[in-house]
Number of protein chains: 2
Amino acid sequence: MRLAFEEAGESYVDVARERGGMQKMMKLMSAPPRDATEPFAPPFLRHGKMLVAQTANILLYVAPRLGLVPKDEASRLRAHQLQLTVTDFVAEIHDTHHPVAVSQYYEDQKSEAKKRARVFVRERIPKFLGYFERAAGPKMVGRSISYVDLSMFQIVEGLSYAFPRAMKRMHERIPKLLALRDTVASRPRIAAYVASGRRLPFDESGIFRHYRELDS
Amino acid sequence: MRLAFEEAGESYVDVARERGGMQKMMKLMSAPPRDATEPFAPPFLRHGKMLVAQTANILLYVAPRLGLVPKDEASRLRAHQLQLTVTDFVAEIHDTHHPVAVSQYYEDQKSEAKKRARVFVRERIPKFLGYFERAAGPKMVGRSISYVDLSMFQIVEGLSYAFPRAMKRMHERIPKLLALRDTVASRPRIAAYVASGRRLPFDESGIFRHYRELDS
């Protein structure tokens, strides 16, 4: 979401990262405005009277307004289909370090995490990245940059942080995705965003976590 | 998807269940028509030149055409947001019996499954169903039946099959969802579909599996 706003040069407020922001976020979740749907979980977007939750749904809503998806229905469905597959992939990435319970510490599910991560590295990374590599043009949808390209950038960056050894072995099988990562990184607004330090760093409290024992 | 077509009285062919259907499905997956996006996995819908994958995306595409979602953008986003939360829930339901690897047998990940299912029953069923209960009007979106109501029907039916003991304990906390399940079950076309025997039965090869040891 942040990458989409940055690429489009659209202003936004990342409420949860402001002082008192977590409380504001929790309050809006438990008492959404009239006619709005309560979000199941963060992130969610407030835009005027709209309150939209679920990352892929937010991108479906904002991308046409930001010029980050072609106008025709077929392209939009194609973009959303790819984004939903990103969603599935991200859930699996998360579950490598939390295979038993989101409510418990990684340290308390470490042996299960090792088992799940071994299969993830061997089977799931090649399956998902192989799929995205086949789907890549030079761009993912149409001829211009779209939000799906931004998602690919985030996925490649995140996996390279979390699973550096596994990703190194993937390199020669994903030339188009790596080129796309570089294309996105060199977009002026994205480059400025990354250089600004405002971009959230990857760390062991997020989805993409680097635990050496999981990167077999 | 099947419930949506049945409720709308729309004809469809469930290709994978026909003779030679699996091969047809695999062929279309590995060699999609020109300009179509390769699906990552079943299910997918072929409609004229369109090939649409990801269940929530398919419903996003067909529901307006079948009259199963209100016309305004806010309602459609609300419906899709709820459906994407159903998607998340279904993935977690699946992972109760496959917490380590989709590629391995349940029997080979049984001890991990017990751990994950215990947390799922205690924390995740109440969290998800509590959310859907709060979101329920008498209908989930707008005043008429929508595809989200059909999804709620399927979720309640599937969980009642897979986790009968856990669901029995939930009953008094989800009166609106149970009423909605009954409303959907009594829709003439849905009732006829269920009575016809064409509806796929729940069993231990699907997402909703009943293993007594997981229903704590």
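# Reading a Two-Chain Predicted Model

Mentor: Chain A can be laid on chain B by a turn of 180° and a shift of 0.0 Å along the axis, with an RMSD of 0.0 Å; the superposition is by least squares on the C-alpha atoms of residues with pLDDT of at least 70 in both copies. The two copies are thus related as by a two-fold rotation axis. Within chain A, Pro99(A) has the C-alpha nearest the axis, 3.1 Å from it. This is a predicted model, in which local features need pLDDT of at least 70 and side-chain atom pairs count only at pLDDT 80 or more, while totals for chains, interfaces and linings use all residues. Residues are numbered from 1 along each chain as its sequence is written, and chains are lettered from A and ligands numbered from 1 in the order in which they are written.

Trainee: How many residues does the contact take from chain A and from chain B?

Mentor: Two residues are in contact if their C-beta atoms, placed from the backbone, lie within 7 Å. Here the contact takes 30 residues from chain A and 30 residues from chain B. In chain A, strand E2 (50-53), helix H3 (55-66), helix H4 (73-97) and helix H5 (110-135) each supply at least two residues of the side that touches chain B. Helices (H or I, at least four residues) and strands (E, at least two) are DSSP runs, numbered from the N terminus.

Trainee: Which classes of residue make up the side of chain A that touches chain B?

Mentor: Ala, Val, Leu, Ile, Met, Phe, Trp, Tyr, Cys and Pro count as nonpolar, Asp, Glu, Lys and Arg as charged, and the others, Gly among them, as polar. On that basis, this side of chain A has 16 nonpolar, seven polar and seven charged residues.

Trainee: How is chain A divided into domains?

Mentor: Domain bounds come from an automatic or database domain assignment. Chain A has domain 1 (2-66) and domain 2 (73-214), and their C-alpha centres lie 22 Å apart. Between them, 10 residues of domain 1 of chain A are in contact with 13 residues of domain 2 of chain A. H3(A) gives the largest share of the domain 1 side, five residues.

Trainee: What is the secondary structure of chain A?

Mentor: Chain A has nine helices and two strands, in the order α-α-β-β-α-α-α-α-α-α-α along the sequence.

Trainee: Which backbone angles deserve attention?

Mentor: Most residues other than glycine have a negative phi, and most peptide bonds are trans. Pro42(A) and Pro43(A), however, are joined by a cis peptide bond with omega of about 0°. Pro43(A) is in the loop between helix H2 (21-30) and strand E1 (44-47) of chain A. Gln54(A), which is not a glycine, has a positive phi near 80°, and lies in the loop between E2 and H3 of chain A.

Trainee: Is Gln54(A) buried or exposed?

Mentor: A residue is buried if 20 or more other C-beta atoms lie within 10 Å of its own, exposed if 12 or fewer, and partly exposed in between, with C-beta atoms placed from the backbone. Gln54(A) counts as buried, with 26 C-beta neighbours inside 10 Å.
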